[in-house]
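Please open the model in your viewer and keep the sequence panel beside it, so that each stop on this tour can be selected as you read.

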Amino acid sequence: MRIPALLPVAVLALALWAPPARSQEQGGLGLDLSSETSSSESAPQEQQPAPGMGLDLREGEESAVSLTPRFILLGLETPERAGSQQATAWLRELAKGAMSSGMVEFAATPKQARERLEAGYEAALSCAQASCMTEPAEQLDADLLTTARLSLEDAGWTLRAWTYDRDRGVVHEDVVSGRNPKDEAFQKEAATKLGHRMMALARPRALLKVSVNVPTAVVKVGERILGVGSVEARLAPGTVQLEVSADEYASFTKAVVLKPGAREEVQVRMEISGPAPEGPEDGVARVSSKRRGGASTPIYKRPAFYTALVGLAVAGAGAVMSMSAKDVEKRATDTNGDGIIDVTRKEMLDAKSQANLAAGLLIGGGAVAAGSVTWLLVIPSRSEPAAPVGTVSAGGASTAVHVVVGGSF
């Protein structure tokens, strides 16, 4: 029996076609012949890795903070109607041009920027100076902020784009002219120029993370307040002055060098502020200062002041007793001429003893008072004896030791 040549060919073709079909039914090992819709729905399932398989190469929390400069195209002014009809196409091309640089990321769309700036949007859109672009850039947290204007000028249709560089605080202008706002070549030329501007100005941010042990501490970089307590912030690269301060704590300052695209962490441990303990050098300086007639102990705290008062009191008592003795002496005469003295012998002897005692009190009290006053006025620097080098004295205990040992007045 002769088998037709067509039959073997058909069987071979059927055998070759069957395995791919079965493999697709059994788990997707063959070609995916489904439609685009089914492919998009099944893609997330195909991309999910099996539990516990493979390596996690992500950077963790650090990767969540982007260090790419934030760019915002604020909008496009179009005074002429022909230009306003092409505003959407122009905005689209300018945005594509900026992103084509690969150096920036979008921070907000023109619509989002309008909503956030509210009443200040129109003024910001028509601004071409750093003085009026600084506040919108800070409010939108945009590192590069661009406004544009498409209008008829002497050279024809002209697009002017002003880009504000927040790091340096300056505005750069780009100008492109064309024959018609609908001209795609005109639009692409402006977009290319804006992309070149992004490449020239964009600098990767640096991440500064400050960890502090006081939750109420205020963290500042220059005049900018980053926050309270432990904070992290995206900052322009360069050298910055970090300052951390809190009530009742000693302030912390440090110059930090931030590199483009790098992450810098500073650990701050604040200590309660107060008078520092006196060291040996401070003790020597204090003694030397007092020997040169510097700060001396107040008079009312010096023993010589009180001995002077005692001496004056003793001299005063002696003066009173002397006056009483003189009074008896005056009466020791015969005033009425009857030949009889008006005082008794005992009174005379007592008055004599009192006069001798008064003289002693006057001399002794006067000497003590004079010596004490001389000590107070002539030698004020000797009110506190010099302590040995390295000795730290505190409070009234040191004064008591000085009086007993030094014997100073």
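Begin inside the protein, where the structure holds two cavities of 30 Å³ or more. On a 1 Å grid over the protein atoms alone, a cavity is a set of points where a 1.4 Å probe fits but cannot get out, and lining residues have an atom within 4 Å of a point. The largest cavity has about 40 Å³ of space, where a volume is the space filled by probe spheres set on the grid points, which are joined across faces, edges and corners. To find this cavity, select Leu94, Leu159, Ala161, Asp174, Val175, Val176, Ala190, Lys193 and Leu194, the residues that line it. Two or more of these lining residues come from each of strand E4 (156–165), strand E5 (170–178) and helix H8 (184–201). Helices (H or I, at least four residues) and strands (E, at least two) are DSSP runs, numbered from the N terminus. By class, the lining of the largest cavity has seven nonpolar residues, no polar ones and two charged ones; here Ala, Val, Leu, Ile, Met, Phe, Trp, Tyr, Cys and Pro count as nonpolar, Asp, Glu, Lys and Arg as charged, and the others, Gly among them, as polar.

Before going further, note that this is a predicted model, in which local features need pLDDT of at least 70 and side-chain atom pairs count only at pLDDT 80 or more, while totals for chains, interfaces and linings use all residues. Residues are numbered from 1 along each chain as its sequence is written, and side-chain values use heavy atoms, with hydrogens and water left out.

Next, select helix H4 (residues 87–100), which contains Glu93. Is Glu93 buried or exposed? Glu93 is buried, because its relative accessible area is 13%, and buried means under 20% relative accessible area, exposed over 50%, and partly exposed in between (1.4 Å probe, protein chains only). Leaving aside residues up to four places away in sequence, Glu93 touches Gln187, Lys188 and Ala191, where a contact means heavy atoms within 4.5 Å. Arg92 also lies in helix H4, and with 48% relative accessibility Arg92 counts as partly exposed.

Now turn to the open sheet of four strands, whose order is E8-E7-E10-E11 and whose pairing is antiparallel. Two strands pair if DSSP finds at least two bridges between them. Strand E8 (224–228) and E11 stand at the edges with a single partner strand each, so one side of each has no neighbour in the sheet. On average, neighbouring strands of this sheet are turned by 25 degrees against each other, direction ignored; the axes are lines fitted to C-alpha atoms, for helices over the stretch in contact, and angles run from 0 to 180 degrees between N-to-C directions.

Within this sheet, select strand E7 (residues 218–221) and strand E10 (residues 238–245), which pair over four bridges, and look at Val219, whose bridge partner in E10 is Val244. On to strand E11 (residues 252–258), which pairs with E10 over seven bridges. Here Gln241 has Ala255 as its bridge partner in E11, and Glu243 has Thr253. E10 and E11 form a hairpin with six residues between them, and in the turn Glu248 has a positive phi of about 70 degrees.

A second stop among the strands is the open sheet of three, with the order E9-E6-E12 and mixed pairing. Its edge strands are strand E9 (231–235) and strand E12 (263–268), each of which pairs on one side only. Five bridges join strand E6 (residues 206–212) to E9 in the antiparallel sense, and Val210 has Val231 as its bridge partner in E9.

Finish at the largest pocket, which has about 370 Å³ of space; a pocket is an open set of grid points with protein on both sides within 12 Å along at least five of seven lines. Of the 15 residues that line this pocket, select Asp167, Arg224, Arg234, Leu235 and Ala236, which lie nearest its centre. E10 gives the most to the lining, with three residues. By class, the lining of the largest pocket has five nonpolar, two polar and eight charged residues.
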